[in-house]
Amino acid sequence: TANIITYNALISACEKGKQWEKAFEIFSAMKAAGVPPDTVTYNALISACGKARQLRHAMGVFSHMTKTGVGADTITYNALISACEKR
């Protein structure tokens, strides 16, 4: 079975391949499997949105992250700034 490391690696690969929609599919599958996302998960998802110029989605991910109590870090804020630059 897949664990947090596997899911994070898959989402990160989607980010690198500019496949933001696929990253969201994996994120949904991760939650459905009962694997709770962590800061690394959200950072990869925000980066995937940023690279695809999907600022609204990146901000939505950040909002969900904070509402669920997952802590943001420097990488989170850098990914958000980068998403704003690519807008």
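## Starting point: Arg-56

Arg-56 sits in helix 4. This is a predicted model, so take everything here as computed from it. Is Arg-56 buried or exposed? Its relative accessibility is 70%, and since anything over 50% counts as exposed, Arg-56 falls in the exposed group.

For a sense of distance, pair Arg-56 with Gly-17. The two are 39 residues apart in sequence, and their C-alpha atoms are 20 Å apart in space.

## Overall fold

The protein chain has 5 helices and 0 strands. Read from the N terminus, that gives the order α-α-α-α-α. The helices cover residues 4-16, 20-32, 39-51, 55-67 and 74-85, as helix 1 through helix 5.

How does the chain compare with a compact globule? For 87 residues, such a globule would have a radius of gyration near 12 Å, and the protein chain agrees because its own value is 12 Å. Along the principal axes, the C-alpha trace spans about 35 × 25 × 20 Å. Look at contacts with a separation of 6 or more, and 58% of them come from residues 24 or more positions apart.

## The nonpolar core

The largest nonpolar core holds 24 residues. Which of them touch the most other members? That list is Ile-11, Ala-23, Tyr-42, Leu-45, Ile-46 and Val-61. Each of the helices, from helix 1 to helix 5, supplies at least two residues of this core. Helix 3 gives the most, with 6 residues.

Ala-23 is a handy one to click on. Skip its neighbours within four places in sequence, and Ala-23 is in contact with Ile-11, Cys-14, Leu-45 and Ala-48. Ile-11 and Leu-45 are also on the list of core residues that touch the most other members.

## A buried threonine

Now for Thr-76, which you'll find in helix 5. Is Thr-76 buried or exposed? Its relative accessible area is 0%, so Thr-76 is buried; the cut-off for that is under 20%.

What does Thr-76 touch, not counting residues up to four places away in sequence? The answer is Thr-39, Asn-43, Ile-46, Phe-62 and Met-65.

Where do they sit? Lys-18 is in the loop between helix 1 and helix 2, while Arg-53 is in the loop between helix 3 and helix 4.

Both side chains belong to residues that count as exposed. Lys-18 gets there with 55% relative accessibility, and Arg-53 with a relative accessible area of 58%.

## Surface and charge

Of the 87 residues in the protein chain, 37% count as buried. The chain exposes about 5,000 Å², and carbon and sulfur atoms supply 56% of that area.

As for charge, the protein chain carries 10 positive and 6 negative charges. Take the mean position of each set, and the two points are 6 Å apart.

Definitions and conventions: Residues numbered from 1 in each chain as written. Predicted model: local features only at pLDDT ≥ 70, side-chain atom pairs only at ≥ 80, totals over all residues. Heavy atoms only, no water. Core = buried A, V, L, I, M, F, W, Y, C linked by side-chain atoms within 4.5 Å. Buried < 20%, exposed > 50% of the residue type's maximum accessible area, 1.4 Å probe, protein only. Helix = DSSP H or I, 4+ residues; strand = E, 2+ residues; numbered from the N terminus. Contact = heavy atoms within 4.5 Å. Rg over C-alpha atoms; globule rule 2.2 N^0.38 Å. Areas by Shrake-Rupley, 256 points an atom, 1.4 Å probe, with all protein chains shown as cover. Lys, Arg positive; Asp, Glu negative; His and termini not counted. Charge placed at Lys NZ, Arg CZ, Asp CG, Glu CD.
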